[in-house]
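I set out to look through one protein model and to note what I found in it. The entries are kept in the order in which I looked things up.

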Amino acid sequence: GETDNNTTVYTVEGMHCSHCEAAVERAVMGVPGITSAKASAPRKALTVTGNAPASAIRTAVETAGYKML
């Protein structure tokens, strides 16, 4: 993803509504080192701020039932 000030944008598939966005955000906020997570279903985007490894973010997203590309 694009990195700027510890902010990275990932692509997440499977989000279709605000409930999906909230589920992804809640899952990612549970990752140690994450300070902010904002999901956008229309853009299939997950904007994350923090210093957690992508592998930890991916695990959280997949545990929530979504797919991170």
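The entries below go from the overall fold to the strands, the core and a few single residues.

**Entry 1: overall fold**

I note at the outset that this is a predicted model. I counted the secondary structure and found two helices and five strands. Along the sequence I read the pattern as β-β-α-β-β-α-β. I then looked up the radius of gyration, which is 10 Å, close to the 11 Å that the globule rule gives for 69 residues, so the protein is as compact as a globular protein of that length. Along the principal axes I found that the C-alpha trace spans about 30 × 20 × 20 Å.

I also looked up burial and contact range. Of the 69 residues, 39% count as buried. Among contacts between residues at least 6 apart in sequence, 51% join residues at least 24 apart.

**Entry 2: strand pairing**

I began with β4. It runs antiparallel to β3, and six bridges join the two. It also runs antiparallel to β2, with five bridges between them. Ala45 of β4 turned up in both pairings: it stands opposite Ser40, and it also stands opposite Thr11.

I next followed β2 to β5, which covers residues 67-68; these strands pair in the antiparallel sense over two bridges. In this pairing I found Glu13 opposite Lys67 of β5.

**Entry 3: the β3-β4 turn**

I asked myself how many residues lie between β3 and β4 in their hairpin. There are four residues between the two strands. Lys44 lies in this loop, and I noted its phi near 55 degrees, a positive value in a residue other than glycine. Lys44 is partly exposed, with a relative accessible area of 39%.

**Entry 4: the nonpolar core**

Which residues have the most contacts inside the largest nonpolar core? I found Met15, Val24, Val28, Leu46, Ile57, Val61 and Tyr66 in that position, within a core of 20 residues. At least two core residues come from each of β2 (7-13), α1 (18-29), β3 (34-40), β4 (45-50) and α2 (54-63). The largest share, four residues, is supplied by α1.

I then took Val28 as a point from which to look around. Leaving aside its neighbours within four places in sequence, I found Val28 in contact with Ile34, Ala37, Leu46, Val48, Ile57, Ala60 and Val61.

**Entry 5: the buried side of α2**

I looked up the buried residues of α2 and found Ile57, Ala60 and Val61. They cover an arc of only 100 degrees around the axis, which puts them on the same side of α2. I then asked what covers the buried residues of α2. The cover includes β2, α1, β3, β4 and β5.

I turned to Thr49, which is found in strand β4. Is Thr49 buried or partly exposed? I noted a relative accessible area of 22%, and Thr49 is therefore partly exposed. Thr7, in strand β2, has a relative accessible area of 19% and is buried. The cut-off between the two classes is 20%. I found a polar contact of 3.1 Å joining the side chains of Thr7 and Thr49.

Leaving aside neighbours within four places in sequence, I listed the contacts of Thr49 as Asn5, Asn6, Thr7, Gly33, Ile34, Thr35 and Ser36. For a separation, I took Thr49 and Ala22, which are 27 residues apart along the chain; their C-alpha atoms are separated by 16 Å.

**Entry 6: Asn6**

Asn6 is partly exposed, with a relative accessible area of 44%. Its contacts, again leaving aside neighbours within four places in sequence, are Val48, Thr49, Gly50 and Asn51. The C-alpha atoms of Asn6 and Ala23, 17 residues apart along the chain, are separated by 22 Å.

Key. Residues are numbered from 1 along each chain as its sequence is written. This is a predicted model: local features need pLDDT of at least 70, side-chain atom pairs count only at pLDDT 80 or more; totals for chains, interfaces and linings use all residues. Side-chain values use heavy atoms; hydrogens and water are left out. A nonpolar core is a set of buried Ala, Val, Leu, Ile, Met, Phe, Trp, Tyr and Cys residues joined through side-chain atoms within 4.5 Å. Buried means under 20% relative accessible area, exposed over 50%, partly exposed in between (1.4 Å probe, protein chains only). Contact means heavy atoms within 4.5 Å. Two strands pair if DSSP finds at least two bridges between them. A polar contact is a pair of N or O atoms within 3.5 Å; within protein, one must be able to donate a hydrogen and the other to accept it, and residues adjacent in sequence count only if both atoms are side-chain atoms. The arc is that of the directions from the helix axis to the C-beta atoms. The radius of gyration is taken over C-alpha atoms; the globule rule is 2.2 Å times the number of residues to the power 0.38.
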